[in-house]
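Trainee: I would like to learn how to read a fold. Can we go through one together?
Mentor: Gladly. Here it is.

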Amino acid sequence: MERKFIMDTSGKTITCRAAIAWKTGSTLAIEEVQVDPPKAREVRIKMISTGICGTDDHAVKGLLSLNFPFIPGHEGAGIVESIGEGVSSVKPGDKVLTLAIPQCRECSSCLHPKGNFCEKQDVLPSSGLMLDKTSRFTCKGKKIYHSFRASTFTEYTVVPEIAVAKIDAAAPMDKVSIISCEVPTGYGAAVNSAKVTRGSTCVVFGLGGVGSAIVMGCKASGASRIIGVDINEEKFPRARALGVTDCLNPHNLKKPVQQVVMEMTRVGVDFAFEAIGLSDTMIAAWDSCHRSYGICLMVGVASSNSQLSLNAPDIISGRTLKGVCLGDYKTRDCIPQLVTDYLQNKINIDPLITHQLPFDQLHKAFELYHAGKTIRCILLF
């Protein structure tokens, strides 16, 4: 019988393919990069799949404050290749998800019962560097920055141990990458953050990947009416299949969308979700809520330096405005359970995945995203 030898890459620099955003707005280039071994309390991961999230597109376009050149991507599933000194929560061979928001379990946010925006995150603001202020990526002799300390658009990545979630060994790695972002961000916003109530009325601004997951969460929670808002009507059939009862295209309305929502519901919705990241749609979501008890959740990531202006006197009426990141889940504690829930058929993420393409078809995947023809496209390595 032929014997197969597996090369031991532990402690060595790995050369592999990765997508690099060299400058603002440039087309991603698939390059050969060098990935250093993990340092203390770091993990090197062989990526199996990664989803294309709207936040990645915003980052490449320069709408977020990231340092160029960088390797995008944060929604990923992979297998631990090697670990640095002091790592105890995972070992080589473990199946894991990358986490854009870590859980250090030491900071004021992690120690608070409701906090999940760990102080060791690298999103607001983003340095593009590991916790020791250095990078693990090199290309053509030049330092390449990380994206939210995740950088999943690469065959191998290095992340802090606090940004890794070990998952069930039975997890299908071609699908579960979306549980590292899309599912907790959207589904979690409805079921965990808002705690949408049975018989309630909801409106969702943006019917892309995260918005679609929000719709699923609203339906699972028993909402009686779910209004979906998007300027791309090609998304409406899929949205209705997921649970949307009414679809609105603001461009086809003679009145502001929030006024139409108020007229449809007579008093405003119980829950409003903004999954786009634009100031105008954030205000529209706020204005769509019931003045006294409506809850407005901001899920979309806004561009750097954008501002939100509300009519101050109206605030006292009782509405709640809440920002939400990854469904308020404490990431390392809670996200592995979402994977288990999927394996046990308690939640079904399959309808959120409309396309799967090999990594070298990255540009085709972004074309599908920009055309609004996909809920989530997963790249496979």
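**Sheet, helices and rings**

Mentor: Start with a helix on strands. Helix α6 (residues 257-265) lies across β10, β11 (225-229) and β12. Relative to β11, α6 runs at about 165°. Keep in mind that this model is predicted.

Trainee: How are the strands of a sheet held in pairs?
Mentor: In general, strands pair through backbone hydrogen bonds, in either a parallel or an antiparallel sense. Here six strands form an open sheet with parallel pairing, in the order β12-β11-β10-β13-β14-β15.

Trainee: Why is one side of β12 and of β15 left without a neighbour in the sheet?
Mentor: β12 (246-248) and β15 (320-323) are at the edges, so each has a single partner strand. From one strand to the next, the twist averages 15°.

Trainee: Which helix packs on β13, β14 and β15?
Mentor: Helix α3 (residues 182-194) does, touching β13, β14 (295-298) and β15. The direction of α3 makes about 140° with that of β13.

Trainee: Over how many bridges do β10 and β13 pair?
Mentor: Four bridges, in the parallel sense, join β10 (residues 201-205) and β13 (residues 271-274). For one example, take Val204: its bridge partner in β13 is Phe273.

Trainee: Now helix against helix. At what angle do the axes of α3 and α4 cross?
Mentor: They cross at roughly 35° and come within 7 Å, with α4 spanning residues 209-220. The crossing of α3 with α4 is right-handed. Among the α3 residues in this contact are Tyr187, Ala190 and Val191; the α4 side includes Val210, Ala213 and Ile214. By class, the contact has nine nonpolar, four polar and one charged residues.

Trainee: What describes a pair of aromatic rings?
Mentor: Two values: the distance of the centres and the angle of the planes. The count here is three aromatic pairs. One of them, Phe68 with Phe70, is edge-to-face, at 5.0 Å centre to centre and 70° between the planes.

Trainee: Is Phe70 buried or exposed?
Mentor: Buried, because its relative accessible area is 0%. Phe68 has 21% and is partly exposed; the cut-off for buried is under 20%.

Trainee: Where is Tyr145 placed?
Mentor: Tyr145 sits in the loop between β7 (142-144) and β8 (156-160). Tyr145 is buried, with a relative accessible area of 17%. Leaving aside neighbours within four places in sequence, its contacts include Phe68, Phe70, Leu129 and Phe137.

Trainee: How many Å separate the C-alpha atoms of Tyr145 and Lys114?
Mentor: 31 Å, and the two residues are 31 residues apart along the chain.

Notes:
Residues are numbered from 1 along each chain as its sequence is written. This is a predicted model: local features need pLDDT of at least 70, side-chain atom pairs count only at pLDDT 80 or more; totals for chains, interfaces and linings use all residues. Side-chain values use heavy atoms; hydrogens and water are left out. Two strands pair if DSSP finds at least two bridges between them. Helices (H or I, at least four residues) and strands (E, at least two) are DSSP runs, numbered from the N terminus. Axes are lines fitted to C-alpha atoms, for helices over the stretch in contact, and angles run from 0 to 180 degrees between N-to-C directions. Contact means heavy atoms within 4.5 Å. Rings of Phe, Tyr and Trp (its six-membered ring) pair if their centres lie within 6.5 Å; planes under 30 degrees apart count as stacked, over 60 as edge-to-face and the rest as tilted. Buried means under 20% relative accessible area, exposed over 50%, partly exposed in between (1.4 Å probe, protein chains only). A crossing is left-handed if the near helix is turned anticlockwise from the far one by less than a right angle, and right-handed if clockwise. Ala, Val, Leu, Ile, Met, Phe, Trp, Tyr, Cys and Pro count as nonpolar, Asp, Glu, Lys and Arg as charged, and the others, Gly among them, as polar.
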